[in-house]
Amino acid sequence: MIRRMPTAGTPLSFGETVGGVLGFAEREKVIADFRSVLRNFLEVENLSVVNSGTTAFFILLQLFKQLRSSENRDEVILPAYTAPSLLLPIQAAGLKARLIDIDSSTFNMDVKKLPSVVSERTLAVMPIHMFGLPCKVEPIIALAKNHGFFVVEDAASSLGTTIDGKQTGTIAPFGFYSLNRGKNISTMAGGIIVWKDKRLSQKIENLVTDLETLPPHAQAIMTLKMIGLSLAVRPIFYSLLSPIISKFKYTTLHTHFDSFRFTTMQAGLGKKLWKHADDLTKRRQENGESLTKIFKNKDGFTIPSIPITALVAFNQFPVIVHDLNRRKMLVYRLLAQGIETTFLYEKPLHHIFPELNPGGDAFPNATYLAEHLLLIPPHTQISQTIIKNIRNVVESI
Ligand SMILES: Cc1ncc(COP(=O)(O)O)c(C=O)c1O
(Lines give C-alpha, C1' and ligand atoms only; values in the text may rest on other atoms or scores of the structure.)
Protein backbone atom coordinates (compact mmCIF):
# COMPACT_ATOMS: atom_id res chain seq x y z
CA MET A 1 0.00 0.00 0.00
CA ILE A 2 1.32 3.46 -0.91
CA ARG A 3 1.53 5.70 2.12
CA ARG A 4 -0.59 8.74 1.65
CA MET A 5 0.69 12.20 2.64
CA PRO A 6 -1.92 14.72 3.74
CA THR A 7 -1.87 18.18 2.16
CA ALA A 8 -1.32 19.78 5.54
CA GLY A 9 -0.66 18.89 9.12
CA THR A 10 2.13 18.16 11.51
CA PRO A 11 1.62 15.13 13.75
CA LEU A 12 1.89 15.86 17.46
CA SER A 13 4.39 13.91 19.52
CA PHE A 14 3.25 12.03 22.60
CA GLY A 15 4.72 14.78 24.83
CA GLU A 16 2.88 17.52 22.96
CA THR A 17 -0.42 15.68 23.13
CA VAL A 18 0.10 15.20 26.88
CA GLY A 19 0.95 18.92 27.15
CA GLY A 20 -2.48 19.69 25.68
CA VAL A 21 -4.29 17.20 27.90
CA LEU A 22 -2.59 18.58 31.03
CA GLY A 23 -3.25 22.14 29.87
CA PHE A 24 -6.97 21.29 29.88
CA ALA A 25 -6.79 21.05 33.69
CA GLU A 26 -4.50 24.07 34.15
CA ARG A 27 -5.27 27.61 35.19
CA GLU A 28 -5.13 30.82 33.21
CA LYS A 29 -1.42 31.24 33.98
CA VAL A 30 -0.57 28.73 31.25
CA ILE A 31 -2.08 31.16 28.73
CA ALA A 32 0.06 34.01 30.08
CA ASP A 33 3.13 31.73 29.81
CA PHE A 34 2.26 30.82 26.22
CA ARG A 35 1.80 34.48 25.33
CA SER A 36 5.27 35.20 26.58
CA VAL A 37 6.71 32.29 24.53
CA LEU A 38 5.03 33.81 21.47
CA ARG A 39 6.30 37.30 22.31
CA ASN A 40 9.86 35.98 22.33
CA PHE A 41 9.40 34.03 19.10
CA LEU A 42 7.87 36.95 17.21
CA GLU A 43 10.05 39.54 18.96
CA VAL A 44 7.08 41.77 19.81
CA GLU A 45 6.00 43.48 23.00
CA ASN A 46 2.24 43.44 22.57
CA LEU A 47 0.37 40.26 21.77
CA SER A 48 -2.86 38.48 22.66
CA VAL A 49 -4.47 35.15 21.76
CA VAL A 50 -8.04 34.23 20.77
CA ASN A 51 -9.86 31.22 19.29
CA SER A 52 -9.09 31.87 15.61
CA GLY A 53 -7.42 34.07 13.05
CA THR A 54 -10.89 35.20 12.01
CA THR A 55 -11.65 36.41 15.54
CA ALA A 56 -8.23 38.11 15.74
CA PHE A 57 -9.11 40.05 12.58
CA PHE A 58 -12.59 40.85 13.90
CA ILE A 59 -11.15 42.29 17.13
CA LEU A 60 -8.81 44.52 15.15
CA LEU A 61 -11.69 45.73 12.97
CA GLN A 62 -13.67 46.61 16.08
CA LEU A 63 -10.67 48.50 17.40
CA PHE A 64 -10.31 50.44 14.13
CA LYS A 65 -13.98 51.43 14.37
CA GLN A 66 -13.38 52.78 17.87
CA LEU A 67 -10.37 54.77 16.67
CA ARG A 68 -11.53 55.99 13.25
CA SER A 69 -11.65 59.70 12.49
CA SER A 70 -15.03 59.48 10.74
CA GLU A 71 -17.87 56.97 10.39
CA ASN A 72 -17.52 57.37 6.62
CA ARG A 73 -14.39 55.29 6.81
CA ASP A 74 -15.97 51.89 6.32
CA GLU A 75 -13.94 50.09 3.66
CA VAL A 76 -11.33 47.38 4.11
CA ILE A 77 -9.05 46.77 1.13
CA LEU A 78 -7.81 43.24 0.54
CA PRO A 79 -6.55 41.19 -2.41
CA ALA A 80 -9.08 39.54 -4.73
CA TYR A 81 -7.48 36.13 -4.28
CA THR A 82 -7.55 34.99 -0.69
CA ALA A 83 -9.58 33.07 1.93
CA PRO A 84 -13.28 33.84 1.32
CA SER A 85 -13.92 33.50 5.07
CA LEU A 86 -12.16 36.85 5.59
CA LEU A 87 -15.31 38.56 4.42
CA LEU A 88 -17.26 37.29 7.43
CA PRO A 89 -15.58 39.47 10.09
CA ILE A 90 -15.72 42.46 7.70
CA GLN A 91 -19.47 42.00 7.36
CA ALA A 92 -19.93 41.26 11.07
CA ALA A 93 -18.20 44.55 11.90
CA GLY A 94 -20.64 46.36 9.58
CA LEU A 95 -17.86 47.24 7.12
CA LYS A 96 -17.39 46.76 3.37
CA ALA A 97 -14.71 44.87 1.48
CA ARG A 98 -12.95 46.55 -1.43
CA LEU A 99 -10.79 44.35 -3.64
CA ILE A 100 -7.54 44.92 -5.43
CA ASP A 101 -5.92 42.60 -7.98
CA ILE A 102 -2.93 40.46 -7.19
CA ASP A 103 0.50 40.80 -8.80
CA SER A 104 1.00 37.73 -10.96
CA SER A 105 4.71 37.61 -10.17
CA THR A 106 4.39 37.63 -6.37
CA PHE A 107 0.90 36.00 -6.05
CA ASN A 108 0.14 38.70 -3.42
CA MET A 109 -1.70 42.04 -3.41
CA ASP A 110 -0.51 44.35 -6.22
CA VAL A 111 0.73 47.17 -4.02
CA LYS A 112 1.36 49.41 -7.05
CA LYS A 113 -2.39 49.59 -7.65
CA LEU A 114 -3.15 50.75 -4.12
CA PRO A 115 -2.79 54.55 -4.59
CA SER A 116 -5.62 54.51 -7.15
CA VAL A 117 -7.92 52.53 -4.85
CA VAL A 118 -7.50 54.19 -1.42
CA SER A 119 -9.87 57.04 -0.61
CA GLU A 120 -11.29 58.92 2.36
CA ARG A 121 -13.54 55.86 2.85
CA THR A 122 -10.60 53.52 3.45
CA LEU A 123 -10.58 52.33 7.03
CA ALA A 124 -7.89 49.68 6.65
CA VAL A 125 -5.65 47.99 4.10
CA MET A 126 -4.77 44.37 4.65
CA PRO A 127 -1.71 42.93 2.91
CA ILE A 128 -1.97 39.14 3.13
CA HIS A 129 1.11 36.93 3.12
CA MET A 130 -0.56 34.18 1.09
CA PHE A 131 0.86 30.64 1.31
CA GLY A 132 3.64 32.03 3.56
CA LEU A 133 4.92 34.41 0.86
CA PRO A 134 5.88 37.85 2.18
CA CYS A 135 3.85 40.73 0.74
CA LYS A 136 5.50 44.17 0.52
CA VAL A 137 4.26 46.11 3.52
CA GLU A 138 6.48 49.22 3.73
CA PRO A 139 4.94 51.07 0.75
CA ILE A 140 1.50 50.53 2.30
CA ILE A 141 2.66 51.92 5.64
CA ALA A 142 4.08 54.97 3.81
CA LEU A 143 0.76 55.51 2.00
CA ALA A 144 -1.15 55.17 5.26
CA LYS A 145 0.76 58.15 6.71
CA ASN A 146 -0.83 60.44 4.10
CA HIS A 147 -4.26 58.83 3.98
CA GLY A 148 -4.92 58.00 7.63
CA PHE A 149 -5.97 54.35 7.25
CA PHE A 150 -4.87 51.42 9.41
CA VAL A 151 -2.54 48.72 8.10
CA VAL A 152 -3.07 45.17 9.31
CA GLU A 153 -0.98 42.26 8.07
CA ASP A 154 -2.74 38.94 7.65
CA ALA A 155 0.04 36.52 8.54
CA ALA A 156 -2.39 33.61 9.08
CA SER A 157 -0.37 31.41 6.72
CA SER A 158 3.08 32.94 7.15
CA LEU A 159 4.05 32.24 10.74
CA GLY A 160 7.84 31.92 10.66
CA THR A 161 8.42 33.75 7.35
CA THR A 162 10.91 36.58 7.75
CA ILE A 163 11.89 39.46 5.54
CA ASP A 164 14.97 41.56 6.29
CA GLY A 165 15.19 39.53 9.49
CA LYS A 166 11.70 40.63 10.66
CA GLN A 167 8.77 38.26 11.16
CA THR A 168 5.92 38.81 8.72
CA GLY A 169 2.95 40.05 10.72
CA THR A 170 5.11 42.35 12.84
CA ILE A 171 6.08 44.98 10.26
CA ALA A 172 2.84 47.02 10.13
CA PRO A 173 1.25 48.59 13.23
CA PHE A 174 -1.15 45.59 13.44
CA GLY A 175 -1.00 41.94 12.47
CA PHE A 176 -2.56 38.59 13.14
CA TYR A 177 -1.81 34.87 12.76
CA SER A 178 -3.81 31.65 12.67
CA LEU A 179 -3.02 28.53 14.69
CA ASN A 180 -5.75 26.56 12.95
CA ARG A 181 -5.33 23.02 11.65
CA GLY A 182 -3.17 23.02 8.56
CA LYS A 183 -1.36 26.22 9.47
CA ASN A 184 2.43 26.35 9.95
CA ILE A 185 2.16 25.60 13.66
CA SER A 186 -1.21 24.56 15.01
CA THR A 187 -2.87 24.38 18.40
CA MET A 188 -6.02 22.85 16.80
CA ALA A 189 -7.45 26.35 16.37
CA GLY A 190 -6.32 29.76 17.53
CA GLY A 191 -5.40 33.27 16.55
CA ILE A 192 -2.65 35.66 17.63
CA ILE A 193 -3.06 39.45 17.55
CA VAL A 194 0.02 41.70 17.56
CA TRP A 195 0.17 45.49 17.72
CA LYS A 196 2.93 48.05 18.09
CA ASP A 197 1.39 50.91 20.08
CA LYS A 198 1.31 50.07 23.79
CA ARG A 199 -1.32 52.79 24.37
CA LEU A 200 -3.83 50.57 22.54
CA SER A 201 -3.20 47.56 24.77
CA GLN A 202 -6.05 48.23 27.19
CA LYS A 203 -8.61 48.67 24.43
CA ILE A 204 -7.51 45.41 22.73
CA GLU A 205 -7.38 43.48 26.02
CA ASN A 206 -10.92 44.71 26.77
CA LEU A 207 -12.19 43.39 23.44
CA VAL A 208 -10.46 40.05 24.08
CA THR A 209 -11.72 39.63 27.64
CA ASP A 210 -15.26 40.46 26.48
CA LEU A 211 -15.21 37.20 24.49
CA GLU A 212 -16.97 34.23 26.02
CA THR A 213 -15.06 31.32 27.51
CA LEU A 214 -15.58 28.04 25.68
CA PRO A 215 -17.78 25.88 27.97
CA PRO A 216 -15.92 22.98 29.75
CA HIS A 217 -17.65 20.24 27.72
CA ALA A 218 -16.64 21.96 24.47
CA GLN A 219 -13.06 22.25 25.77
CA ALA A 220 -13.12 18.51 26.56
CA ILE A 221 -14.34 17.73 23.03
CA MET A 222 -11.57 19.89 21.59
CA THR A 223 -9.03 17.96 23.67
CA LEU A 224 -10.37 14.64 22.33
CA LYS A 225 -10.28 15.98 18.78
CA MET A 226 -6.70 17.05 19.33
CA ILE A 227 -5.76 13.49 20.29
CA GLY A 228 -7.65 12.10 17.27
CA LEU A 229 -6.14 14.57 14.85
CA SER A 230 -2.60 14.08 16.09
CA LEU A 231 -2.96 10.45 15.04
CA ALA A 232 -4.98 11.05 11.88
CA VAL A 233 -2.29 13.08 10.09
CA ARG A 234 0.31 10.33 10.51
CA PRO A 235 0.74 8.72 7.07
CA ILE A 236 0.02 5.22 8.36
CA PHE A 237 -3.37 6.22 9.80
CA TYR A 238 -4.03 8.77 7.11
CA SER A 239 -3.60 6.14 4.38
CA LEU A 240 -6.17 3.92 6.08
CA LEU A 241 -8.57 6.64 7.11
CA SER A 242 -8.34 9.16 4.25
CA PRO A 243 -11.83 8.33 2.85
CA ILE A 244 -13.30 9.22 6.26
CA ILE A 245 -10.97 12.14 6.99
CA SER A 246 -11.74 13.76 3.64
CA LYS A 247 -15.36 14.11 4.79
CA PHE A 248 -14.19 16.41 7.59
CA LYS A 249 -12.20 18.70 5.31
CA TYR A 250 -13.70 22.11 4.68
CA THR A 251 -15.26 22.04 1.26
CA THR A 252 -18.10 24.48 1.64
CA LEU A 253 -18.05 28.19 2.15
CA HIS A 254 -18.14 29.27 5.79
CA THR A 255 -21.17 31.38 6.59
CA HIS A 256 -20.55 31.99 10.26
CA PHE A 257 -17.70 32.26 12.74
CA ASP A 258 -17.62 31.83 16.50
CA SER A 259 -15.55 33.97 18.80
CA PHE A 260 -14.15 32.60 22.05
CA ARG A 261 -11.21 33.05 24.31
CA PHE A 262 -8.12 30.90 23.84
CA THR A 263 -8.20 27.79 26.05
CA THR A 264 -5.69 26.45 28.56
CA MET A 265 -5.55 23.16 26.59
CA GLN A 266 -4.36 25.06 23.51
CA ALA A 267 -1.83 27.00 25.59
CA GLY A 268 -0.48 23.76 27.15
CA LEU A 269 -0.12 22.25 23.69
CA GLY A 270 1.34 25.46 22.25
CA LYS A 271 4.01 25.70 24.95
CA LYS A 272 5.22 22.19 24.11
CA LEU A 273 5.03 22.76 20.35
CA TRP A 274 7.01 25.97 20.51
CA LYS A 275 9.99 24.12 21.95
CA HIS A 276 10.76 23.12 18.36
CA ALA A 277 9.06 25.96 16.49
CA ASP A 278 12.41 26.88 14.91
CA ASP A 279 12.84 23.34 13.52
CA LEU A 280 9.28 23.25 12.16
CA THR A 281 9.87 26.59 10.45
CA LYS A 282 13.22 25.55 9.04
CA ARG A 283 11.78 22.37 7.51
CA ARG A 284 9.13 24.38 5.67
CA GLN A 285 11.79 26.78 4.43
CA GLU A 286 14.04 23.94 3.22
CA ASN A 287 11.22 22.02 1.53
CA GLY A 288 10.16 25.24 -0.17
CA GLU A 289 13.70 25.75 -1.46
CA SER A 290 13.83 22.19 -2.82
CA LEU A 291 10.45 22.60 -4.54
CA THR A 292 11.57 25.93 -5.99
CA LYS A 293 14.51 24.17 -7.66
CA ILE A 294 12.12 21.68 -9.28
CA PHE A 295 9.86 24.28 -10.87
CA LYS A 296 12.22 27.21 -11.47
CA ASN A 297 12.58 28.04 -15.18
CA LYS A 298 10.53 24.98 -16.12
CA ASP A 299 8.36 25.58 -19.17
CA GLY A 300 4.64 25.77 -18.50
CA PHE A 301 4.93 26.57 -14.79
CA THR A 302 5.19 29.86 -12.88
CA ILE A 303 6.32 30.07 -9.29
CA PRO A 304 6.25 33.27 -7.22
CA SER A 305 9.25 35.58 -7.16
CA ILE A 306 10.61 35.96 -3.65
CA PRO A 307 12.74 38.87 -2.36
CA ILE A 308 16.30 37.73 -1.67
CA THR A 309 16.11 39.01 1.91
CA ALA A 310 13.15 36.71 2.69
CA LEU A 311 13.13 33.30 4.33
CA VAL A 312 9.80 31.74 3.43
CA ALA A 313 8.11 29.27 5.78
CA PHE A 314 5.79 27.94 3.07
CA ASN A 315 2.35 26.92 4.27
CA GLN A 316 1.70 25.48 0.82
CA PHE A 317 4.01 25.61 -2.19
CA PRO A 318 2.09 27.42 -4.96
CA VAL A 319 2.66 26.73 -8.66
CA ILE A 320 0.71 28.13 -11.60
CA VAL A 321 0.26 25.38 -14.16
CA HIS A 322 -0.64 27.13 -17.40
CA ASP A 323 -2.03 24.07 -19.17
CA LEU A 324 -5.00 22.73 -17.23
CA ASN A 325 -4.67 19.22 -18.71
CA ARG A 326 -1.12 19.11 -17.45
CA ARG A 327 -2.34 20.22 -14.03
CA LYS A 328 -4.86 17.39 -13.99
CA MET A 329 -2.16 14.90 -14.93
CA LEU A 330 0.17 16.24 -12.27
CA VAL A 331 -2.50 15.87 -9.57
CA TYR A 332 -3.21 12.33 -10.69
CA ARG A 333 0.42 11.20 -10.90
CA LEU A 334 1.36 12.77 -7.59
CA LEU A 335 -1.59 11.08 -5.91
CA ALA A 336 -0.42 7.77 -7.36
CA GLN A 337 2.78 8.41 -5.39
CA GLY A 338 0.72 9.12 -2.25
CA ILE A 339 1.15 12.91 -2.44
CA GLU A 340 -2.08 14.87 -2.08
CA THR A 341 -2.23 18.31 -3.66
CA THR A 342 -4.99 20.92 -3.56
CA PHE A 343 -6.32 23.82 -5.62
CA LEU A 344 -7.44 25.62 -2.45
CA TYR A 345 -9.77 28.44 -3.55
CA GLU A 346 -10.84 27.66 -7.09
CA LYS A 347 -12.48 31.05 -7.51
CA PRO A 348 -11.35 34.58 -6.65
CA LEU A 349 -13.45 36.58 -4.20
CA HIS A 350 -15.18 38.65 -6.90
CA HIS A 351 -16.52 35.49 -8.55
CA ILE A 352 -17.77 34.06 -5.26
CA PHE A 353 -19.28 37.42 -4.28
CA PRO A 354 -20.22 39.15 -7.57
CA GLU A 355 -21.26 42.29 -5.68
CA LEU A 356 -17.52 42.89 -5.10
CA ASN A 357 -16.84 42.97 -8.85
CA PRO A 358 -17.01 46.55 -10.16
CA GLY A 359 -17.60 45.31 -13.73
CA GLY A 360 -16.23 42.93 -16.39
CA ASP A 361 -13.58 40.81 -14.76
CA ALA A 362 -12.01 43.55 -12.70
CA PHE A 363 -9.25 41.41 -11.19
CA PRO A 364 -7.96 39.16 -13.99
CA ASN A 365 -4.71 38.13 -12.30
CA ALA A 366 -6.63 36.83 -9.28
CA THR A 367 -8.96 34.91 -11.60
CA TYR A 368 -6.06 33.35 -13.50
CA LEU A 369 -4.31 32.34 -10.28
CA ALA A 370 -7.46 30.75 -8.84
CA GLU A 371 -8.06 28.78 -12.02
CA HIS A 372 -4.49 27.54 -12.63
CA LEU A 373 -3.06 27.08 -9.17
CA LEU A 374 -1.70 23.86 -7.76
CA LEU A 375 -0.57 23.66 -4.15
CA ILE A 376 2.08 21.14 -3.19
CA PRO A 377 2.56 20.32 0.50
CA PRO A 378 5.85 21.53 2.02
CA HIS A 379 5.09 20.45 5.59
CA THR A 380 7.48 18.70 7.93
CA GLN A 381 6.44 15.17 6.94
CA ILE A 382 7.60 15.80 3.37
CA SER A 383 11.04 14.20 3.27
CA GLN A 384 13.81 14.55 0.70
CA THR A 385 12.74 11.16 -0.73
CA ILE A 386 9.24 12.48 -1.33
CA ILE A 387 10.70 15.63 -2.91
CA LYS A 388 12.69 13.38 -5.23
CA ASN A 389 9.45 11.59 -6.20
CA ILE A 390 7.82 14.95 -6.89
CA ARG A 391 10.77 15.87 -9.12
CA ASN A 392 10.43 12.60 -11.06
CA VAL A 393 6.70 13.15 -11.57
CA VAL A 394 7.23 16.74 -12.77
CA GLU A 395 9.99 15.60 -15.16
CA SER A 396 7.65 12.92 -16.55
CA ILE A 397 4.85 15.19 -17.73
C1 LIG B 1 -5.09 34.04 4.60
C2 LIG B 1 -5.98 33.64 5.74
N3 LIG B 1 -6.42 34.58 6.62
C4 LIG B 1 -7.20 34.24 7.67
C5 LIG B 1 -7.61 32.96 7.89
C6 LIG B 1 -8.52 32.65 9.05
O7 LIG B 1 -7.86 31.95 10.07
P8 LIG B 1 -8.70 30.95 11.03
O9 LIG B 1 -8.97 29.72 10.24
O10 LIG B 1 -7.78 30.71 12.20
O11 LIG B 1 -9.92 31.67 11.42
C12 LIG B 1 -7.19 31.96 7.01
C13 LIG B 1 -7.63 30.57 7.21
O14 LIG B 1 -7.56 29.73 6.36
C15 LIG B 1 -6.34 32.30 5.92
O16 LIG B 1 -5.90 31.38 5.05
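In this predicted model, a polar side-chain atom of Thr54 lies 2.5 Å from an oxygen atom of the ligand. The protein chain is assigned domain 1 (14–209) and domain 2 (277–396), with bounds that come from an automatic or database domain assignment. Local features need pLDDT of at least 70 and side-chain atom pairs count only at pLDDT 80 or more, while totals for chains, interfaces and linings use all residues. Residues are numbered from 1 along each chain as its sequence is written, and side-chain values use heavy atoms, with hydrogens and water left out.

**Ligand surroundings**

- There are 16 residues around the ligand, each with a heavy atom within 4 Å of it.
- Gly53, Thr54, Asp154, Ser178 and Lys183 come nearest to the ligand.
- Ser178 has a polar side-chain atom 2.7 Å from an oxygen atom of the ligand.
- For Asn180, an N or O atom in the side chain is 2.8 Å from an oxygen atom of the ligand.

**Contact between the domains**

- The centres of domain 1 and domain 2, taken over C-alpha atoms, are separated by 23 Å.
- Domain 1 gives 35 residues to the contact and domain 2 gives 39 residues, where contact means heavy atoms within 4.5 Å.
- The two domains bury about 3000 Å² between them, with 66% of it on carbon and sulfur atoms; buried area is the accessible area (1.4 Å probe) that two parts lose on being put together, summed over both.
- Of the area that domain 1 buries against domain 2, Tyr81, Phe107 and Phe131 supply 23%, more than any other three residues.
- Across this interface there are twelve residue pairs in polar contact, both residues at pLDDT 80 or more.
- A polar contact is a pair of N or O atoms within 3.5 Å; within protein, one must be able to donate a hydrogen and the other to accept it, and residues adjacent in sequence count only if both atoms are side-chain atoms.
- On the side of domain 1 that touches domain 2, strand E3 (96–100) gives the most, with three residues.

**Salt bridges**

- The count comes to eleven salt bridges, each a side-chain nitrogen of Lys or Arg within 4 Å of a carboxyl oxygen of Asp or Glu.
- Asp33 forms a salt bridge with Lys271, and their closest N and O atoms are 3.6 Å apart.
- This pair links distant parts of the chain, with Asp33 in helix H2 (residues 29–42) and Lys271 in helix H9 (residues 264–273), 238 residues apart.
- Helices (H or I, at least four residues) and strands (E, at least two) are DSSP runs, numbered from the N terminus.
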